[in-house]
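Please go through the structure below with this briefing at hand.

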Amino acid sequence: MAEIKEGLLLAVGDFPEGSATASRLRMIAKALVQGGLPVTVALLHADSKKHVSANTEVEGCVDGVRYLYLNKRTVRPTGLFQVVEDTARGIIGAVRLLLPGRKEIGFLLLYTPTLVKHGLPVLAAIVRQIPVIVEICEIRSKATGGSRRRNFGKYLDSFDLIMEWLIP
C-alpha cells in the first residue's frame with residue numbers, strides 16, 4: 001500500500017480562530033484529516049492587524065488540524081512596505097515547502113486563489129507535478145457569474161482570470 005503524502009491547504013487568514021475564513025479552513029482540513037488525508041493549513045499571512053485571542057502561535061495543532069504561518073507572524077502589519085514584505089515572506093515560505101528535497105507534498109489545496117499571492121506556489125506545484133485543487137466557490141467568475149462593473153475592478157478581475165487559466 002502506498003504511503004499517503006501530506007497535503008498543503010494554502011490560504012490567507014487568521015487561524016485557529018478568526019473570521020469565517022478560519023472556520024471554513026478548519027472545517028475543510030478536519031474533513032480531510034478524518035478522511036485519512038493528512039493536511040497542514042499553511043497561511044501566507046494573517047488577515048487581522050491585531051491579535052485574535054487564540055492566534056498567538058505561528059504553528060500548532062488544533063482539533064487534529066496542523067497549521068503554520070509561513071511568514072512567521074500572526075498579525076498583519078499596517079504600513080505598505082511591511083504589508084508587501086509580509087506577503088512576500090509568506091509566498092517564499094510556500095514555494096520553499098514545495099521545493100524538491102523538502103517535505104513530500106501529496107497535493108496543494110488553494111483557498112481563495114489570487115495570481116499575486118498564489119501564482120508562484122502553483123507554478124512550483126505544477127513543475128513538481130503536485131496535484132492542485134481549488135475551492136471552486138472562491139473563484140470569482142464561478143461564484144458570481146461575471147466580473148465587477150468599474151474599470152479598476154475589471155483590471156483586478158483580469159488577474160483572477162489569469163490565475164484560473166494557470167490552475168491545471
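In helix H1, the residues Thr21, Ala22, Leu25, Arg26, Ile28, Ala29 and Leu32 are buried, where buried means under 20% relative accessible area, exposed over 50%, and partly exposed in between (1.4 Å probe, protein chains only). Viewed down the axis of H1, these buried residues fall within an arc of 165 degrees, so they line one face of the helix; the arc is that of the directions from the helix axis to the C-beta atoms. The model is predicted: local features need pLDDT of at least 70, side-chain atom pairs count only at pLDDT 80 or more, and totals for chains, interfaces and linings use all residues. Residues are numbered from 1 along each chain as its sequence is written, and side-chain values use heavy atoms, with hydrogens and water left out.

**Helix H1**

- H1 covers residues 20-34, which is 15 residues. Helices (H or I, at least four residues) and strands (E, at least two) are DSSP runs, numbered from the N terminus.
- From its first C-alpha to its last, H1 reaches 21 Å, close to the 21 Å expected at 1.5 Å a residue. The expected span is 1.5 Å times one less than the number of residues.
- An α-helix has 3.6 residues a turn, so residues three or four places apart point the same way.
- Ala20, Ser23, Met27 and Gln34 are exposed on the other side of H1.
- The cover over the buried residues of H1 includes strands E1 (6-11), E2 (39-43), E3 (59-62), E4 (65-69) and E5 (105-110). Contact here means heavy atoms within 4.5 Å.
- Gly36 follows H1 and has a positive phi, near 95 degrees.

**Backbone exceptions**

- Most residues other than glycine have a negative phi, and most peptide bonds are trans.
- Phe15 and Pro16 are joined by a cis peptide bond, with omega about 10 degrees. Pro16 is found in the loop between E1 and H1.
- Lys72 is not a glycine, yet its phi is positive at about 65 degrees. Lys72 sits in the loop between E4 and helix H2 (80-98) and is exposed, with a relative accessible area of 53%.
- Gln129 also has a positive phi, near 60 degrees, in a residue other than glycine. Gln129 lies in the loop between helix H3 (115-127) and strand E6 (132-134), and at 71% relative accessibility it counts as exposed.

**Salt bridges**

- The whole structure holds eight salt bridges, each defined as a side-chain nitrogen of Lys or Arg within 4 Å of a carboxyl oxygen of Asp or Glu.
- Arg26 pairs with Glu17, the closest N and O atoms being 3.5 Å apart. Arg26 is buried at 18% relative accessible area, while Glu17 is partly exposed at 35%.
- Arg26 also forms a salt bridge with Asp63, where the closest N and O atoms are 3.4 Å apart. This pair links distant parts of the chain, with Arg26 in helix H1 and Asp63 in the loop between E3 and E4, 37 residues apart. Asp63 is partly exposed, at 47% relative accessibility.
- Asp86 and Arg76 meet through their side chains in a salt bridge of 2.8 Å, N to O. Asp86 is in helix H2 and Arg76 in the loop between E4 and H2, 10 residues apart.
- Both partners of that pair are buried: Asp86 has a relative accessible area of 0%, and Arg76 has 9%.
- Lys5, Glu104 and Arg128 are linked in a network of salt bridges.

**Nonpolar cores**

- The largest nonpolar core has 19 residues, of which Leu8, Leu10, Leu70, Leu98, Leu108 and Leu110 touch the most other members. A nonpolar core is a set of buried Ala, Val, Leu, Ile, Met, Phe, Trp, Tyr and Cys residues joined through side-chain atoms within 4.5 Å.
- A second, separate core has 18 residues, including Leu9, Ala22, Leu25 and Val65.

**The chain as a whole**

- The secondary structure of the protein chain comes to five helices and six strands, in the pattern β-α-β-β-β-α-β-α-β-α-α along the sequence.
- Of its 168 residues, 42% count as buried.
- Among contacts between residues at least 6 apart in sequence, 70% join residues at least 24 apart.
- The chain exposes about 9400 Å², and carbon and sulfur atoms supply 60% of it; accessible areas come from the Shrake-Rupley method with a 1.4 Å probe, and for residues only the protein chains shown count as cover.
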